[in-house]
Amino acid sequence: MATLFKDVYILDGSREKAALGHVLVSKGRIVSVTEAGAEQSADLNLKADKIISGHKRMAVLPGFVNAHTHAAMTLVRGLGEEAPLMEWLTEKVWPVEAKLTAEHIYWGTLSAILEMLATGTTCFADMYFEMDRVAEAALQTGIRAALCRGMTADSNDKDKINKSLSENLELADKWHGREGLITVQLGPHAPYTVPVEDMKKIAKAAKEHGLGVHLHYLETEFELNYIKNELKTSPEDYLINTGLMDAPHLVLAHAVYLEPELADKLKLSNLTLVHNPCSNLKLGSGVMKLSEWLDKGAAVALGTDGASSNNRLDMWEEMRTAALLHKGVNKDPVCVSALDVLRMATYDGARAFGFAQKGLVREGWMADLVLVDLDKPHYIGANCENLAAYIVYAGSSADVIGTMVNGKWLYRNGDFPTLDKIEIMQRAMTAREEITR
Ligand SMILES: [Zn+2]
(Lines give C-alpha, C1' and ligand atoms only; values in the text may rest on other atoms or scores of the structure.)
Protein backbone atom coordinates (compact mmCIF):
# COMPACT_ATOMS: atom_id res chain seq x y z
CA MET A 1 0.00 0.00 0.00
CA ALA A 2 1.52 3.31 -1.12
CA THR A 3 0.50 6.53 0.60
CA LEU A 4 1.10 9.97 -0.88
CA PHE A 5 1.26 13.04 1.33
CA LYS A 6 0.46 15.76 -1.14
CA ASP A 7 1.07 19.50 -0.74
CA VAL A 8 2.47 19.24 2.75
CA TYR A 9 5.26 21.02 4.57
CA ILE A 10 8.25 18.74 4.95
CA LEU A 11 10.53 19.35 7.90
CA ASP A 12 13.27 17.47 9.72
CA GLY A 13 16.31 18.26 11.86
CA SER A 14 18.71 18.26 8.90
CA ARG A 15 16.99 21.05 6.97
CA GLU A 16 17.71 24.74 7.24
CA LYS A 17 14.04 25.30 6.55
CA ALA A 18 10.90 23.37 5.65
CA ALA A 19 9.92 22.64 2.04
CA LEU A 20 6.51 22.43 0.43
CA GLY A 21 6.05 19.24 -1.51
CA HIS A 22 5.03 15.61 -1.57
CA VAL A 23 6.16 12.51 0.29
CA LEU A 24 5.47 9.09 -1.17
CA VAL A 25 5.63 6.12 1.17
CA SER A 26 5.57 2.45 0.24
CA LYS A 27 6.65 -0.86 1.78
CA GLY A 28 7.75 0.77 5.00
CA ARG A 29 10.06 3.28 3.35
CA ILE A 30 9.96 6.84 2.08
CA VAL A 31 10.08 6.31 -1.68
CA SER A 32 10.36 9.92 -2.74
CA VAL A 33 10.44 13.43 -1.35
CA THR A 34 9.69 15.99 -4.05
CA GLU A 35 9.32 19.73 -3.99
CA ALA A 36 5.92 21.00 -5.12
CA GLY A 37 5.33 21.00 -8.90
CA ALA A 38 2.18 20.15 -10.88
CA GLU A 39 3.79 17.74 -13.31
CA GLN A 40 5.51 15.63 -10.67
CA SER A 41 2.47 15.56 -8.46
CA ALA A 42 0.24 14.19 -11.24
CA ASP A 43 2.80 11.45 -11.78
CA LEU A 44 2.94 10.67 -8.07
CA ASN A 45 -0.86 10.42 -7.86
CA LEU A 46 -0.71 7.39 -10.12
CA LYS A 47 1.71 5.59 -7.81
CA ALA A 48 -0.40 6.03 -4.67
CA ASP A 49 -3.18 3.83 -3.36
CA LYS A 50 -4.10 6.48 -0.86
CA ILE A 51 -3.64 10.24 -1.16
CA ILE A 52 -3.63 12.55 1.83
CA SER A 53 -4.05 16.10 0.56
CA GLY A 54 -2.42 18.53 2.92
CA HIS A 55 -3.57 21.66 1.04
CA LYS A 56 -0.47 23.35 2.47
CA ARG A 57 -2.05 23.10 5.91
CA MET A 58 -0.37 19.93 7.12
CA ALA A 59 3.23 19.09 7.96
CA VAL A 60 5.10 15.80 7.77
CA LEU A 61 7.84 15.35 10.37
CA PRO A 62 9.97 12.35 11.30
CA GLY A 63 8.47 10.34 14.17
CA PHE A 64 9.81 11.21 17.60
CA VAL A 65 12.19 8.91 19.45
CA ASN A 66 11.70 8.96 23.20
CA ALA A 67 15.28 8.13 24.08
CA HIS A 68 14.85 7.36 27.76
CA THR A 69 11.77 6.07 29.48
CA HIS A 70 10.34 3.38 31.72
CA ALA A 71 7.06 2.87 29.91
CA ALA A 72 5.19 0.76 32.45
CA MET A 73 5.74 3.46 35.08
CA THR A 74 2.46 4.85 33.79
CA LEU A 75 1.10 2.55 36.51
CA VAL A 76 2.94 4.43 39.28
CA ARG A 77 2.24 7.93 37.99
CA GLY A 78 1.16 10.30 40.73
CA LEU A 79 2.66 8.32 43.62
CA GLY A 80 4.94 10.26 45.98
CA GLU A 81 4.64 13.53 44.15
CA GLU A 82 7.02 16.34 44.95
CA ALA A 83 9.53 14.31 46.97
CA PRO A 84 13.34 14.32 46.55
CA LEU A 85 14.65 11.68 44.10
CA MET A 86 16.03 9.21 46.65
CA GLU A 87 13.03 9.45 48.97
CA TRP A 88 10.67 9.21 46.00
CA LEU A 89 12.45 6.10 44.67
CA THR A 90 13.07 4.24 47.92
CA GLU A 91 9.88 5.04 49.81
CA LYS A 92 7.25 5.59 47.14
CA VAL A 93 8.19 3.96 43.86
CA TRP A 94 10.31 0.89 44.60
CA PRO A 95 7.92 -0.66 47.19
CA VAL A 96 5.01 -0.38 44.74
CA GLU A 97 7.12 -1.54 41.78
CA ALA A 98 8.02 -4.66 43.77
CA LYS A 99 4.39 -5.72 43.42
CA LEU A 100 4.38 -5.43 39.64
CA THR A 101 3.82 -8.69 37.75
CA ALA A 102 4.74 -9.38 34.13
CA GLU A 103 1.06 -8.96 33.27
CA HIS A 104 0.90 -5.55 34.93
CA ILE A 105 3.98 -4.44 33.01
CA TYR A 106 2.48 -5.58 29.73
CA TRP A 107 -0.68 -3.51 30.22
CA GLY A 108 1.22 -0.56 31.71
CA THR A 109 3.47 -0.53 28.64
CA LEU A 110 0.53 -0.69 26.25
CA SER A 111 -1.05 2.19 28.11
CA ALA A 112 2.19 4.17 27.65
CA ILE A 113 2.24 3.28 23.97
CA LEU A 114 -1.24 4.79 23.58
CA GLU A 115 0.08 8.06 24.97
CA MET A 116 3.24 7.98 22.91
CA LEU A 117 1.54 7.22 19.60
CA ALA A 118 -1.06 9.93 20.13
CA THR A 119 1.75 12.46 20.60
CA GLY A 120 3.82 11.40 17.57
CA THR A 121 6.38 9.04 19.11
CA THR A 122 7.36 6.19 16.80
CA CYS A 123 10.14 4.65 18.90
CA PHE A 124 10.87 4.46 22.60
CA ALA A 125 13.97 3.41 24.53
CA ASP A 126 12.83 1.50 27.56
CA MET A 127 14.65 0.37 30.69
CA TYR A 128 12.59 -1.81 32.99
CA PHE A 129 12.05 -5.45 33.91
CA GLU A 130 9.89 -8.29 32.51
CA MET A 131 11.15 -6.96 29.19
CA ASP A 132 9.82 -9.90 27.19
CA ARG A 133 6.36 -8.57 27.87
CA VAL A 134 7.44 -5.06 26.89
CA ALA A 135 8.80 -6.46 23.62
CA GLU A 136 5.53 -8.30 23.00
CA ALA A 137 3.55 -5.11 23.65
CA ALA A 138 5.74 -3.15 21.23
CA LEU A 139 5.67 -5.77 18.50
CA GLN A 140 1.92 -6.22 18.77
CA THR A 141 1.45 -2.47 18.38
CA GLY A 142 3.96 -2.02 15.57
CA ILE A 143 5.90 0.74 17.36
CA ARG A 144 9.70 0.59 17.36
CA ALA A 145 11.45 0.00 20.66
CA ALA A 146 14.98 -0.13 22.07
CA LEU A 147 14.86 -2.34 25.12
CA CYS A 148 17.11 -3.09 28.06
CA ARG A 149 16.67 -4.93 31.30
CA GLY A 150 17.32 -2.49 34.14
CA MET A 151 19.94 -4.12 36.37
CA THR A 152 20.47 -3.28 40.04
CA ALA A 153 22.39 -5.05 42.82
CA ASP A 154 20.66 -6.34 45.92
CA SER A 155 22.60 -6.96 49.14
CA ASN A 156 20.09 -9.70 50.05
CA ASP A 157 20.54 -11.50 46.75
CA LYS A 158 24.18 -11.61 45.70
CA ASP A 159 23.36 -13.27 42.41
CA LYS A 160 20.73 -10.76 41.35
CA ILE A 161 22.93 -8.86 38.89
CA ASN A 162 24.15 -12.07 37.26
CA LYS A 163 20.57 -13.24 36.81
CA SER A 164 19.55 -9.86 35.38
CA LEU A 165 22.50 -9.87 32.99
CA SER A 166 21.53 -13.35 31.78
CA GLU A 167 17.97 -12.10 31.28
CA ASN A 168 19.25 -9.09 29.36
CA LEU A 169 21.40 -11.26 27.10
CA GLU A 170 18.49 -13.65 26.51
CA LEU A 171 16.35 -10.65 25.65
CA ALA A 172 18.95 -9.69 23.04
CA ASP A 173 19.08 -13.23 21.60
CA LYS A 174 15.35 -13.35 21.27
CA TRP A 175 14.46 -9.83 20.21
CA HIS A 176 17.43 -7.85 18.85
CA GLY A 177 16.66 -6.93 15.25
CA ARG A 178 13.23 -8.59 15.33
CA GLU A 179 11.22 -7.44 12.27
CA GLY A 180 13.48 -4.38 12.15
CA LEU A 181 11.37 -2.94 14.95
CA ILE A 182 13.32 -3.84 18.06
CA THR A 183 16.90 -3.38 19.22
CA VAL A 184 18.28 -4.47 22.58
CA GLN A 185 20.89 -2.81 24.79
CA LEU A 186 22.32 -3.76 28.18
CA GLY A 187 20.80 -1.71 31.01
CA PRO A 188 22.87 -1.33 34.18
CA HIS A 189 20.69 1.06 36.20
CA ALA A 190 23.39 3.47 37.49
CA PRO A 191 26.81 3.57 39.15
CA TYR A 192 25.25 3.83 42.62
CA THR A 193 23.04 0.74 42.16
CA VAL A 194 25.57 -1.46 40.32
CA PRO A 195 28.93 -2.25 41.96
CA VAL A 196 32.02 -1.43 39.90
CA GLU A 197 33.00 -5.08 39.32
CA ASP A 198 29.53 -5.84 37.99
CA MET A 199 29.62 -2.75 35.81
CA LYS A 200 32.88 -4.02 34.31
CA LYS A 201 31.29 -7.40 33.66
CA ILE A 202 28.34 -5.76 31.91
CA ALA A 203 30.62 -3.54 29.81
CA LYS A 204 32.63 -6.60 28.77
CA ALA A 205 29.48 -8.49 27.84
CA ALA A 206 28.31 -5.50 25.77
CA LYS A 207 31.54 -5.53 23.81
CA GLU A 208 31.51 -9.30 23.31
CA HIS A 209 27.91 -9.38 22.17
CA GLY A 210 28.03 -6.19 20.12
CA LEU A 211 25.33 -4.51 22.18
CA GLY A 212 24.96 -0.90 23.24
CA VAL A 213 24.69 0.11 26.90
CA HIS A 214 21.99 2.40 28.26
CA LEU A 215 22.34 3.67 31.82
CA HIS A 216 21.47 6.55 34.13
CA TYR A 217 24.53 8.71 34.62
CA LEU A 218 25.01 11.73 36.88
CA GLU A 219 21.33 12.51 37.19
CA THR A 220 21.81 14.14 40.61
CA GLU A 221 24.56 15.76 42.62
CA PHE A 222 24.38 12.77 44.96
CA GLU A 223 25.60 10.56 42.13
CA LEU A 224 28.52 12.88 41.37
CA ASN A 225 29.55 12.84 45.04
CA TYR A 226 29.11 9.06 45.17
CA ILE A 227 31.51 8.58 42.27
CA LYS A 228 34.05 10.95 43.78
CA ASN A 229 33.79 10.03 47.47
CA GLU A 230 32.68 6.39 47.53
CA LEU A 231 34.21 5.10 44.32
CA LYS A 232 37.20 7.46 44.58
CA THR A 233 37.27 8.22 40.90
CA SER A 234 36.16 10.88 38.44
CA PRO A 235 33.14 10.71 36.11
CA GLU A 236 35.37 10.34 33.02
CA ASP A 237 37.68 7.73 34.58
CA TYR A 238 34.66 5.74 35.74
CA LEU A 239 33.40 5.48 32.16
CA ILE A 240 36.85 4.63 30.80
CA ASN A 241 38.01 2.20 33.52
CA THR A 242 34.78 0.20 33.74
CA GLY A 243 35.02 -0.37 29.97
CA LEU A 244 31.67 1.35 29.37
CA MET A 245 33.34 3.71 26.90
CA ASP A 246 34.34 0.66 24.80
CA ALA A 247 30.78 -0.58 24.34
CA PRO A 248 29.59 -0.39 20.70
CA HIS A 249 27.45 2.56 21.75
CA LEU A 250 27.01 4.17 25.13
CA VAL A 251 23.84 6.05 26.04
CA LEU A 252 23.98 8.16 29.18
CA ALA A 253 20.57 9.25 30.41
CA HIS A 254 20.39 12.63 32.18
CA ALA A 255 24.11 13.58 32.38
CA VAL A 256 23.10 16.62 34.43
CA TYR A 257 26.45 16.69 36.25
CA LEU A 258 28.67 15.61 33.35
CA GLU A 259 30.96 18.50 32.50
CA PRO A 260 31.33 19.44 28.81
CA GLU A 261 35.08 20.05 29.39
CA LEU A 262 35.39 16.25 29.53
CA ALA A 263 34.32 15.92 25.90
CA ASP A 264 37.94 15.55 24.75
CA LYS A 265 38.51 12.59 27.06
CA LEU A 266 35.41 10.69 25.91
CA LYS A 267 34.81 8.99 22.57
CA LEU A 268 32.06 11.25 21.32
CA SER A 269 31.39 9.13 18.23
CA ASN A 270 30.42 6.26 20.57
CA LEU A 271 28.37 8.33 22.92
CA THR A 272 24.87 9.77 23.13
CA LEU A 273 23.64 11.82 26.06
CA VAL A 274 19.92 11.84 26.69
CA HIS A 275 18.48 15.09 27.95
CA ASN A 276 15.34 14.71 30.08
CA PRO A 277 14.54 18.33 30.89
CA CYS A 278 11.06 17.90 32.38
CA SER A 279 12.02 15.02 34.66
CA ASN A 280 15.16 16.84 35.84
CA LEU A 281 13.11 19.92 36.61
CA LYS A 282 10.30 18.06 38.35
CA LEU A 283 12.65 16.08 40.58
CA GLY A 284 14.76 19.17 41.22
CA SER A 285 17.83 17.37 39.89
CA GLY A 286 19.34 20.31 38.04
CA VAL A 287 19.93 21.33 34.44
CA MET A 288 22.37 19.62 32.09
CA LYS A 289 24.78 21.79 30.12
CA LEU A 290 23.07 21.20 26.82
CA SER A 291 24.30 24.11 24.77
CA GLU A 292 27.93 23.48 25.77
CA TRP A 293 27.60 19.80 24.85
CA LEU A 294 26.08 20.72 21.49
CA ASP A 295 28.95 23.16 20.92
CA LYS A 296 31.37 20.30 21.59
CA GLY A 297 29.67 18.29 18.84
CA ALA A 298 28.17 15.69 21.18
CA ALA A 299 25.10 13.74 20.10
CA VAL A 300 22.26 14.54 22.47
CA ALA A 301 18.85 12.87 22.26
CA LEU A 302 15.69 13.74 24.16
CA GLY A 303 13.60 11.64 26.49
CA THR A 304 10.73 11.95 28.91
CA ASP A 305 11.96 9.50 31.56
CA GLY A 306 9.18 7.53 33.26
CA ALA A 307 5.65 8.86 33.54
CA SER A 308 5.98 9.23 37.30
CA SER A 309 8.73 11.84 37.12
CA ASN A 310 7.50 13.95 34.23
CA ASN A 311 4.49 13.22 34.25
CA ARG A 312 3.91 13.22 30.46
CA LEU A 313 5.21 10.97 27.74
CA ASP A 314 5.04 13.81 25.27
CA MET A 315 8.10 14.69 23.17
CA TRP A 316 6.62 18.04 22.13
CA GLU A 317 6.79 19.08 25.75
CA GLU A 318 10.45 17.98 25.98
CA MET A 319 11.35 19.88 22.80
CA ARG A 320 9.71 23.08 23.99
CA THR A 321 11.16 22.82 27.50
CA ALA A 322 14.66 22.08 26.19
CA ALA A 323 14.54 24.98 23.76
CA LEU A 324 13.30 27.43 26.41
CA LEU A 325 15.18 26.26 29.48
CA HIS A 326 18.71 26.73 28.18
CA LYS A 327 18.00 30.15 26.73
CA GLY A 328 16.90 31.25 30.17
CA VAL A 329 19.69 29.56 32.11
CA ASN A 330 22.38 30.89 29.74
CA LYS A 331 20.69 34.25 29.19
CA ASP A 332 21.17 33.57 25.50
CA PRO A 333 18.19 33.43 23.11
CA VAL A 334 20.19 31.79 20.30
CA CYS A 335 21.90 28.95 22.19
CA VAL A 336 19.58 25.98 21.56
CA SER A 337 17.49 26.34 18.41
CA ALA A 338 14.14 24.85 17.45
CA LEU A 339 15.93 22.81 14.79
CA ASP A 340 18.43 21.56 17.38
CA VAL A 341 15.68 20.14 19.58
CA LEU A 342 13.80 18.71 16.61
CA ARG A 343 16.92 16.83 15.51
CA MET A 344 17.54 15.65 19.08
CA ALA A 345 13.95 14.39 19.36
CA THR A 346 14.20 12.40 16.13
CA TYR A 347 17.50 11.62 14.38
CA ASP A 348 19.83 11.60 17.41
CA GLY A 349 17.59 9.23 19.35
CA ALA A 350 17.25 6.81 16.43
CA ARG A 351 21.00 6.74 15.88
CA ALA A 352 21.72 6.14 19.58
CA PHE A 353 19.73 2.95 19.58
CA GLY A 354 20.91 1.44 16.33
CA PHE A 355 18.07 2.41 14.01
CA ALA A 356 19.80 3.38 10.78
CA GLN A 357 17.95 5.52 8.24
CA LYS A 358 15.42 6.69 10.77
CA GLY A 359 14.74 10.21 11.97
CA LEU A 360 14.81 12.26 8.76
CA VAL A 361 12.27 12.69 5.97
CA ARG A 362 14.56 11.47 3.25
CA GLU A 363 14.31 9.14 0.28
CA GLY A 364 14.95 5.52 1.22
CA TRP A 365 14.61 6.18 4.95
CA MET A 366 12.11 4.50 7.26
CA ALA A 367 8.55 5.70 6.87
CA ASP A 368 8.18 6.60 10.55
CA LEU A 369 6.31 9.87 10.27
CA VAL A 370 4.11 12.29 12.14
CA LEU A 371 1.34 14.18 10.40
CA VAL A 372 0.67 17.57 11.95
CA ASP A 373 -2.44 19.69 11.46
CA LEU A 374 -1.40 23.27 10.69
CA ASP A 375 -4.98 24.39 10.09
CA LYS A 376 -5.17 25.96 13.51
CA PRO A 377 -5.04 29.56 14.70
CA HIS A 378 -1.61 29.19 16.33
CA TYR A 379 -0.06 28.30 12.96
CA ILE A 380 -1.22 31.45 11.18
CA GLY A 381 1.92 32.96 9.68
CA ALA A 382 3.84 29.66 9.53
CA ASN A 383 5.92 29.22 6.38
CA CYS A 384 8.95 27.30 5.16
CA GLU A 385 11.39 29.65 6.90
CA ASN A 386 9.79 29.62 10.34
CA LEU A 387 7.96 26.30 10.61
CA ALA A 388 10.43 24.68 13.04
CA ALA A 389 9.93 27.55 15.46
CA TYR A 390 6.12 27.33 15.10
CA ILE A 391 6.24 23.59 15.80
CA VAL A 392 8.49 23.89 18.85
CA TYR A 393 7.21 27.11 20.44
CA ALA A 394 3.57 27.41 19.34
CA GLY A 395 2.70 23.80 18.55
CA SER A 396 1.82 20.95 20.84
CA SER A 397 1.00 17.27 20.62
CA ALA A 398 -2.66 18.27 20.27
CA ASP A 399 -1.75 19.04 16.65
CA VAL A 400 -0.81 15.41 15.84
CA ILE A 401 -3.37 13.87 13.50
CA GLY A 402 -1.42 10.80 12.47
CA THR A 403 1.53 8.66 13.58
CA MET A 404 2.96 6.16 11.14
CA VAL A 405 5.60 3.48 11.70
CA ASN A 406 6.98 1.47 8.80
CA GLY A 407 4.44 3.13 6.52
CA LYS A 408 1.54 1.89 8.65
CA TRP A 409 -0.81 4.10 10.63
CA LEU A 410 -0.65 3.32 14.33
CA TYR A 411 -2.57 6.45 15.27
CA ARG A 412 -4.92 8.38 13.05
CA ASN A 413 -7.42 11.08 14.05
CA GLY A 414 -7.90 9.76 17.57
CA ASP A 415 -8.00 6.06 16.66
CA PHE A 416 -5.40 3.33 17.21
CA PRO A 417 -5.84 0.84 14.35
CA THR A 418 -3.61 -1.83 15.96
CA LEU A 419 -4.82 -1.46 19.54
CA ASP A 420 -7.95 -1.82 21.65
CA LYS A 421 -7.77 1.41 23.62
CA ILE A 422 -10.72 0.65 25.90
CA GLU A 423 -9.42 -2.76 26.95
CA ILE A 424 -5.90 -1.40 27.54
CA MET A 425 -7.20 1.39 29.75
CA GLN A 426 -9.39 -0.99 31.75
CA ARG A 427 -6.55 -3.47 32.26
CA ALA A 428 -4.13 -0.70 33.22
CA MET A 429 -6.64 0.65 35.73
CA THR A 430 -7.02 -2.82 37.27
CA ALA A 431 -3.24 -3.19 37.45
CA ARG A 432 -2.96 0.17 39.19
CA GLU A 433 -5.57 -0.87 41.76
CA GLU A 434 -3.77 -4.15 42.40
CA ILE A 435 -0.37 -2.58 43.07
CA THR A 436 -1.62 0.28 45.24
CA ARG A 437 -4.03 -1.78 47.33
ZN1 LIG B 1 15.19 6.89 34.06
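**Entry 1: overall build**

I began with burial and found that 52% of the 437 residues of the protein count as buried. I keep in mind throughout that this is a predicted model. I then looked up the radius of gyration, which is 21 Å for the protein, and this agrees with the value near 22 Å that a compact globule of 437 residues would have. Along the principal axes, I noted that the C-alpha atoms fill a box of roughly 70 × 45 × 40 Å. For the secondary structure I recorded 14 helices and 16 strands. When I turned to contacts between residues at least 6 apart in sequence, I found that 73% of them join residues at least 24 apart.

**Entry 2: the two domains**

I looked up the domain assignment next, and it gives domain 1 as 3-62 + 365-412, with domain 2 running over 64-352. Taken over C-alpha atoms, the centres of domain 1 and domain 2 are separated by 30 Å. I then went through the contacts between them and noted that 21 residues of domain 1 touch 23 residues of domain 2.

Which elements supply at least two residues each of the side of domain 1 that touches domain 2? I listed helix 13 (387-394), strand 15 (400-405) and strand 16 (408-412), and I noted that helix 13 gives the largest share, with five residues. By residue type, I sorted this side of domain 1 into eleven nonpolar, seven polar and three charged residues.

**Entry 3: helix 14**

I checked the length of helix 14 (residues 421-436) against its residue count: at 1.5 Å a residue, its 16 residues should span 22 Å, and I found the end C-alpha atoms 23 Å apart, which agrees.

I then asked which residues of helix 14 are buried, and I wrote down Ile-424, Ala-428, Ala-431 and Arg-432. Because these cover an arc of only 100° around the axis, I place them on the same side of helix 14. As a reminder to myself, an α-helix has 3.6 residues a turn, so residues three or four places apart point the same way.

Where do the buried residues of helix 14 pack? I followed them to helix 3 (102-118), against which they pack. On the face of helix 14 turned away from its buried side, I recorded the exposed residues Ile-422, Glu-423, Gln-426 and Glu-433.

Note on methods:
Residues are numbered from 1 along each chain as its sequence is written. This is a predicted model: local features need pLDDT of at least 70, side-chain atom pairs count only at pLDDT 80 or more; totals for chains, interfaces and linings use all residues. Domain bounds come from an automatic or database domain assignment. Two residues are in contact if their C-beta atoms, placed from the backbone, lie within 7 Å. Helices (H or I, at least four residues) and strands (E, at least two) are DSSP runs, numbered from the N terminus. Ala, Val, Leu, Ile, Met, Phe, Trp, Tyr, Cys and Pro count as nonpolar, Asp, Glu, Lys and Arg as charged, and the others, Gly among them, as polar. The radius of gyration is taken over C-alpha atoms; the globule rule is 2.2 Å times the number of residues to the power 0.38. A residue is buried if 20 or more other C-beta atoms lie within 10 Å of its own, exposed if 12 or fewer, and partly exposed in between; C-beta atoms are placed from the backbone. The expected span of a helix is 1.5 Å times one less than its number of residues. The arc is that of the directions from the helix axis to the C-beta atoms.
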